[in-house]
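Hi,

Here is the structure I promised to pass on.

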Amino acid sequence: MRIPSGVSGFDELIQGGFLPRRLYVLSGPPGSGKTTFTAQFIAEGLRNGEQCMYITMHETEEELINDMSSFDFGFETLTNSDGFRYINLVSPKGKHLLNQFSQSGSTSSVQSLTDKIVAFVNSRQVDRLVIDSTMLLRLFFANGSEEMTRFLTALKQGDATTLLISEMTDPSSYSDEHFLAHGVVFFHNYLEATGMTRGIQVIKMRGTNIDCDIRSLSFTDNGLVVDPRSKVDL
């Protein structure tokens, strides 16, 4: 069974879609398409009647919906359904929701945060989960690598198919999430005299035959579109 991404052309790069109940990392510089990709992923799930959740720490639900309303894949309409839950971890509402899942015996605030998020996701029987982003998560994790590892391990043990956004400007610089995830997708953009060249590259995908070439990626009225037959040299 494969989980369709909702991004035209991308699933051809990964044998028809994501394997379910796994953790995937989307890495790339600002403006490369990571958030749009995750919005299309969520929209596809809602279109199929799945339970979807978007967890962030830096923007409101209204901001995300407004940003995605410029595309025609129906994000603003689909997210009105009962199957969609949006959580901002630093908002009063977000903190209140997570506090309902406090577990006695947590040894630190970080462990408590990890347990709350995972318990909340599991309680909602979430099929598709997006977390935006690792840069902001690290603000909660004073001990960096050890705490991030614990959080990612807990996510991998859940039932949701998870996309984790990871800011990255140097494609040769790997972080904990790249090693721990079941799959890693890089987004590239390169400004040339003729304009912006964009590409997408599947670096890692366990259980899937892939090539690691950079394929053409473009923004259209329908969102991101991948041309799996067009190789890009950046």
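Predicted model: local features only at pLDDT ≥ 70, side-chain atom pairs only at ≥ 80, totals over all residues.

Residues are numbered from 1 along each chain as its sequence is written, and side-chain values use heavy atoms, with hydrogens and water left out.

The protein chain has eight helices and nine strands (DSSP runs numbered from the N terminus: H or I of at least four residues for helices, E of at least two for strands). Of its 234 residues, 53% are buried (under 20% relative accessible area with a 1.4 Å probe and protein chains only; exposed is over 50%, and partly exposed is in between). Take the contacts (heavy atoms within 4.5 Å) between residues at least 6 apart in sequence: 67% of them join residues at least 24 apart.

Now for helix α2, residues 61-68. Its buried residues are Leu64, Ile65 and Met68. Seen down the axis of α2, they fall within an arc of 95° (taken from the directions from the helix axis to the C-beta atoms), so they line one face of the helix. They pack against α1 (34-47), β2 (52-56), α3 (75-78) and β3 (84-88). Glu62 and Asn66 are exposed, on the face of α2 turned away from the buried side.

How many cavities of 30 Å³ or more are there? The count is two. A cavity here is a set of points on a 1 Å grid over the protein atoms alone where a 1.4 Å probe fits but cannot get out, and lining residues have an atom within 4 Å of a point. Points are joined across faces, edges and corners, and the volume is the space filled by probe spheres set on them.

The largest cavity has a volume of about 70 Å³. Residues lining it include Val118, Val121, Asn122, Leu155 and Asp159. Helix α5 gives the most to this lining, with three residues.

The second largest cavity has a volume of about 30 Å³, and its lining is Leu13, Ile200, Gln201, Val202, Asp211, Asp213 and Arg215. Strand β7 (residues 195-205) supplies the largest share of that lining, three residues.

Cheers

Note on methods
1 Å grid on protein atoms, 1.4 Å probe; cavity = no way out; pocket = protein on both sides within 12 Å on 5 of 7 lines; lining within 4 Å.
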